[in-house]
Amino acid sequence: MSLIQQAIEYGAPVFLVSSPLTSYADQILSIHRNRSSAGFSLDIPLIMLVASILKVFYWFGEYYSGALLAQALVMIVVQMALLKVALDNRPASGAKNGIEHAPFSGGSDGGFARPYDFWQWRNTKPYWMFLAYFVAILTMIHITPISESDTYISILGCIGLAVEATLPVPQILANHRSGSCKGFRVSVLAAWLIGDTMKMSYFFCSEEAIPWSFKLCGMFQCMCDFYLGFQYYMFTRMTPRAPVSSPEQEERWGQGEKDIRMQ
């Protein structure tokens with residue numbers, strides 16, 4: 001076994017299990033410090049919680065890599081912490097600062113209105129109730145003969161992995177709506193890109209049995225993450241700088257008048 005193969009075989013699982021912490025710890029701390037989750041798409045915790053819960057139930061029928069199961073369990077804990085911090089520090093309703101929090105805008109920002117205001121609720125309790133009902137329904141199905149069906153297990157895995165593959169999409173759309181990447185931590189983007197590299201190396205080079213559904217969804221997510229990186233570069237590059245005014249201009253236009261713009 002080559003040195004690179006050994007590094008992938010033993011190093012990649014450790015990285016995958018710890019990646020939820022390295023990816024989202026900075027985002028959680030940033031929201032807590034700033035007392036605001038503006039600019040952060042709350043759909044990210046939704047996607048990762050639903051996908052990770054489905055992957056846990058998928059394991060009971062597929063028995064895939066233990067490292068991927070451990071990653072899903074750690075991800076559930078981290079995303080629940082991120083959801084709580086984001087809900088506790090959500091911006092005021094109707095705030096207009098160029099980066100209005102899309103999940104709490106109720107469709108007023110030009111987006112479509114979700115049925116029953118799904119994941120746009122003003123109260124905190126419905127978010128946790130939805131997750132509790134979701135786990136309860138899957139648990140009830142799991143104790144029935146349906147869970148022994150190969151078709152059911154395959155559908156469960158495909159849905160879970162497909163949902164996870166769409167992870168970058170809400171943030172990409174939120175950035176397009178606001179014309180900015182403000183509120184989205186570059187540390188999260190860097191962790192996603194590094195994680196994609198390690199994950200794809202593990203999927204295609206590991207000697208463990210990795211289902212092709214993991215590989216296909218991983219490739220799609222990898223392309224979305226790299227587009228998000230390109231988007232971050234373009235928006236950061238296009239952010240205008242405040243012009244330097246001369247004393248004559250200040251005297252002409254008024255001292256103390258501020259240049260207000262979207263950053």
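Visitor: Which residues line the second largest cavity?

Guide: Happy to show you, in what is a predicted model. The lining consists of Lys 55, Leu 68, Gln 71, Leu 161, Glu 164, Ala 165, Lys 199, Phe 203, Phe 214, Cys 217, Gly 218 and Gln 221. Helix 3, helix 5 (150-165), helix 7 and helix 8 each give two or more residues to that lining, and helix 8 gives the most, with 4 residues.

Visitor: What makes Lys 55 a lining residue of the second largest cavity?

Guide: A lining residue needs an atom within 4 Å of a cavity point. Lys 55 is listed in the lining of the second largest cavity, so it has such an atom.

Visitor: Why is this space called a cavity and not a pocket?

Guide: In a cavity a 1.4 Å probe fits but cannot get out, whereas a pocket is open. The search of the whole structure finds 2 cavities of 30 Å³ or more.

Visitor: Which residues are closest to the centre of the largest cavity?

Guide: Those are Ser 19, Gln 71, Trp 192, Lys 199 and Gln 221, out of 18 lining residues. Helix 1 (3-34) supplies the largest share of that lining, 6 residues.

Terms used: Residues are numbered from 1 along each chain as its sequence is written. This is a predicted model: local features need pLDDT of at least 70, side-chain atom pairs count only at pLDDT 80 or more; totals for chains, interfaces and linings use all residues. Side-chain values use heavy atoms; hydrogens and water are left out. On a 1 Å grid over the protein atoms alone, a cavity is a set of points where a 1.4 Å probe fits but cannot get out, and a pocket is an open set with protein on both sides within 12 Å along at least five of seven lines; lining residues have an atom within 4 Å of a point. Grid points are joined across faces, edges and corners, and a volume is the space filled by probe spheres set on the points.
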